[in-house]
Amino acid sequence: MSLKKELLKAFGAVKRTLKEYKSYVIEAEQEKQKLQKMEEEKQEESDIKRQKYSVEETEGAKIQSYKTLIKFIEPLKEVISKIEANVSNDEEFLKEQEEIKDMKEFIEAKEHIKETEEIMEVEGPTNA
C-alpha cells in the first residue's frame with residue numbers, strides 16, 4: 001500500500017472518531033446540566049432517574065469513543081513517522097514523501113494527533 005493510501009486510511013479513521021468523541025463530550029455536558037436543573041427544580045424522582053440513566057449512557061458512549069480514538073491514533077502516528085523519516089534512497093519514495101507533506105490531510109493529521117494527545121492528558125490512560 002502506498003504511503004498516501006496508508007495516510008488517508010489512518011487519517012479517515014481518526015478524523016471520524018475524533019469528531020464522534022467531541023460530540024459525545026458536548027452531549028454529556030448537556031445531559032449533566034439538564035440533570036442538575038431537574039434536581040434543583042425537585043422534579044419527579046422517576047424523571048430524575050431516567051435522566052441519570054441518560055447521563056450514564058452518554059458517558060459510556062464517550063468512553064467507548066475515546067478508547068476507539070486511542071486505538072486508531074497509533075497507526076496514524078506510525079504513518080506520519082514513515083512520511084517524515086529520511087531513511088530511503090529510492091527517488092520515487094522520496095518524491096511521494098514530499099508530495100504527501102504538502103497535502104492538507106497530512107497537515108490535518110498532525111493537528112489531530114496533537115489534539116488527541118491533549119485529550120489523552122485530560123482523560124488519562126484507558127484499558128482499550
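Lys62 and Glu59 are both buried, where buried stands for under 20% relative accessible area, exposed for over 50% and partly exposed for anything in between (1.4 Å probe, protein chains only). The two residues lie three positions apart in helix 2, about one turn of the helix; helices here are DSSP runs of H or I with at least four residues, strands are runs of E with at least two, and both are numbered from the N terminus. A salt bridge joins Lys62 to Glu59, with 3.6 Å between the closest N and O atoms. The term salt bridge is used for a side-chain nitrogen of Lys or Arg within 4 Å of a carboxyl oxygen of Asp or Glu.

The model is predicted, and for that reason local features need pLDDT of at least 70 and side-chain atom pairs count only at pLDDT 80 or more, while totals for chains, interfaces and linings use all residues. Residues are numbered from 1 along each chain as its sequence is written, and side-chain values use heavy atoms, with hydrogens and water left out.

Another salt bridge is formed by the side chains of Lys77 and Glu117, at 3.1 Å from N to O. Lys77 lies in helix 2 and Glu117 in helix 4 (residues 104-123), so this pair ties together parts that are 40 residues apart in sequence. Lys77 is partly exposed, with a relative accessibility of 23%, and Glu117 is likewise partly exposed, at 34%.

Lys101 and Glu98 form a salt bridge whose closest N and O atoms are 3.6 Å apart. The two residues are three positions apart in helix 3 (residues 91-101), and are therefore separated by about one helical turn. Lys101 has a relative accessibility of 25% and counts as partly exposed; Glu98 is partly exposed too, with a value of 45%. Leu94 also has its place in helix 3 and is partly exposed at 30% relative accessibility.

One aromatic pair is found in a search of the whole structure. Its members are Tyr21 and Tyr66, in a tilted arrangement with 6.0 Å from centre to centre and 45 degrees between the planes. Tyr21 lies in helix 1 and Tyr66 in helix 2 (residues 45-84), so the pair ties together parts that are 45 residues apart in sequence. For this assignment, rings of Phe, Tyr and Trp (its six-membered ring) pair if their centres lie within 6.5 Å; planes under 30 degrees apart count as stacked, over 60 as edge-to-face and the rest as tilted. Tyr21 is buried, with 5% relative accessibility, and Tyr66 is buried with a relative accessible area of 5%.

Helix 1 also holds Leu7, which is buried at 0% relative accessibility. The C-alpha atoms of Leu7 and Glu105 are 8.0 Å apart, although 98 residues separate the two along the chain. Glu20 is another residue of helix 1, partly exposed with a relative accessible area of 37%. Between the C-alpha atoms of Glu20 and Ile83, 63 residues apart along the chain, the separation is 27 Å.

Glu39, Glu40, Glu41, Glu44 and Glu45 form a negative surface patch. Patches are made of residues with over 30% relative accessible area and no salt bridge, with like charges joined within 9 Å and nonpolar side chains (Val, Leu, Ile, Met, Phe, Trp, Tyr) within 5 Å. Accessible areas come from the Shrake-Rupley method with a 1.4 Å probe, and for residues only the protein chains shown count as cover. Lys and Arg count as positive and Asp and Glu as negative, with His and the chain ends not counted; the place of a charge is NZ of Lys, CZ of Arg, CG of Asp or CD of Glu. Lys42 sits in the loop between helix 1 and helix 2. Its phi is near 50 degrees, a positive value in a residue other than glycine, and at 70% relative accessibility Lys42 counts as exposed.
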